[in-house]
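Trainee: I'm new to this structure and would like a close look at one part of it. Could you take me through that part slowly, and then show me what else is worth a look?

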Amino acid sequence: MNVITHALIGWTVASSVQTLSKREKFLVTLAGVIPDIDGLGAPVEILTRDSSNPLLWWTEYHHTLHTLLFCAIFCSVALLLSSRKILTTFLSALSFHLHILGDVLGARGPDGYQWPIPYLRPFSEKWQLVWEGQWELNAWPNIVITIILLILAFRLAWLRGYSPLYFFSEKADKVFIETIRRRFPSSRFKT
Ligand SMILES: [Zn+2]
C-alpha cells in the first residue's frame, strides 16, 4: 500500500485510544509508516537508472526493514519515549504489523512482482510473506480503503478538534479544524 494509506491506518490505530498523549499518538502513527524508510532509495535508483553505474537501492533494499527485528527496535524506542508504555508499545506493534498486512494484501508491483516480506530476516529466510491473491498497489481496494480511512480521519478531526496535522503545526491544525467545523456546523461546537 502507499505511504498515505499506511499513515492513515497508523493514525486510526493511534486514535483508538483517545487518552494517549500527542507524542504517543505520533509514535503509534509513525509505526505504521516507518517500515517504508527502506524504500527511500527509490529516487536514487530512478535518477541513476540510465547511468553507467546504476544504484539499485530500491530493488535491493525495499522490504528489508519489514521485519520482526525492526518492529522490536522501533517498539523499544516507543517504550522509552512514552508514558503509557505497555499500551503505546502494543499499539505501535499493531500499527507496524498492519503495515505488513497491508503490503501482503495490496502492494503488487506494476510488473507483477509481489515483493515478498522477509519477516524473520536476518535470523532466517523462512517466512517470506506473500499472498497469491495480492492486488496491485493502485488497485481499487486500496483506493476504497484509503477513502474510508480519510472519511474516518475527517470525522474524528471534526469531532475531537485535532487531526494528524497537529504533529507538524498546531496553528495549521487549528485552521483546519475551524474550516471543517464551519463547513459542517453542529450545535455541539457552539460556545
Ligand atoms: Zn511497506
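Mentor: Happy to. Keep in mind that this is a predicted model. Tyr-166 counts as buried, because its relative accessibility is 10% and the cut-off for buried is under 20%.

Now look at the rings around it. Tyr-166 forms an aromatic pair with Tyr-162, and this pair is stacked, with 5.1 Å from centre to centre and 20 degrees between the planes. Tyr-162 has a relative accessibility of 16%, so it counts as buried too. Tyr-166 also pairs with Phe-167; here the centres are 5.1 Å apart and the planes are 40 degrees apart, which makes the pair tilted. Phe-167 is buried, as Tyr-166 is. If you wonder about those two numbers, a pair of aromatic rings is described by the distance of the centres and the angle of the planes.

Ring pairs link Tyr-162, Tyr-166 and Phe-167 with Trp-11, Phe-26 and Phe-168. Over the whole structure, a search finds 12 aromatic pairs.

As for handedness, H2 passes H6 in a right-handed crossing. On the H2 side, the contact is made by Glu-24, Leu-27, Val-28, Thr-29 and Ala-31, while H6 brings in Thr-88, Leu-91, Ser-92, Ser-95 and Phe-96. Sorted by class, the residues in this contact are 5 nonpolar, 4 polar and 1 charged.

H6 has another partner to look at, helix H5, which spans residues 68-81. H5 and H6 pack at an angle of about 150 degrees, with axes 9 Å apart, and they are therefore roughly antiparallel to each other. Their crossing is right-handed. From H5, the contact takes in Leu-68, Phe-70, Cys-71, Phe-74, Cys-75, Ala-78, Leu-79 and Leu-80; from H6, Lys-85, Thr-89, Ser-92, Ala-93, Phe-96 and His-97. By class, you get 10 nonpolar, 3 polar and 1 charged. Ser-92 and Phe-96 turn up in the contact with H2 and in the contact with H5.

Follow the chain on from H6 and have a look at the backbone. Most residues other than glycine have a negative phi, and most peptide bonds are trans. Trp-115, in the loop between H6 and strand E1, has a positive phi near 45 degrees. Trp-115 is buried, with a relative accessible area of 16%. Trp-127 sits in the loop between E1 and E2 and has a positive phi as well, near 60 degrees. Trp-127, though, is exposed, with a relative accessible area of 53%.

A cis peptide bond joins Arg-121 to Pro-122, with omega about 10 degrees.

Conventions: Residues numbered from 1 in each chain as written. Predicted model: local features only at pLDDT ≥ 70, side-chain atom pairs only at ≥ 80, totals over all residues. Heavy atoms only, no water. Left-handed = near helix turned anticlockwise from the far one by under 90°. Helix = DSSP H or I, 4+ residues; strand = E, 2+ residues; numbered from the N terminus. Contact = heavy atoms within 4.5 Å. Nonpolar A, V, L, I, M, F, W, Y, C, P; charged D, E, K, R; others polar. Phe/Tyr/Trp six-rings, centres within 6.5 Å; stacked < 30°, edge-to-face > 60°. Buried < 20%, exposed > 50% of the residue type's maximum accessible area, 1.4 Å probe, protein only. Axes fitted to C-alpha atoms, helices over the stretch in contact; angles between N-to-C directions. Parallel < 35°, antiparallel > 145°, perpendicular 65-115°, else oblique.
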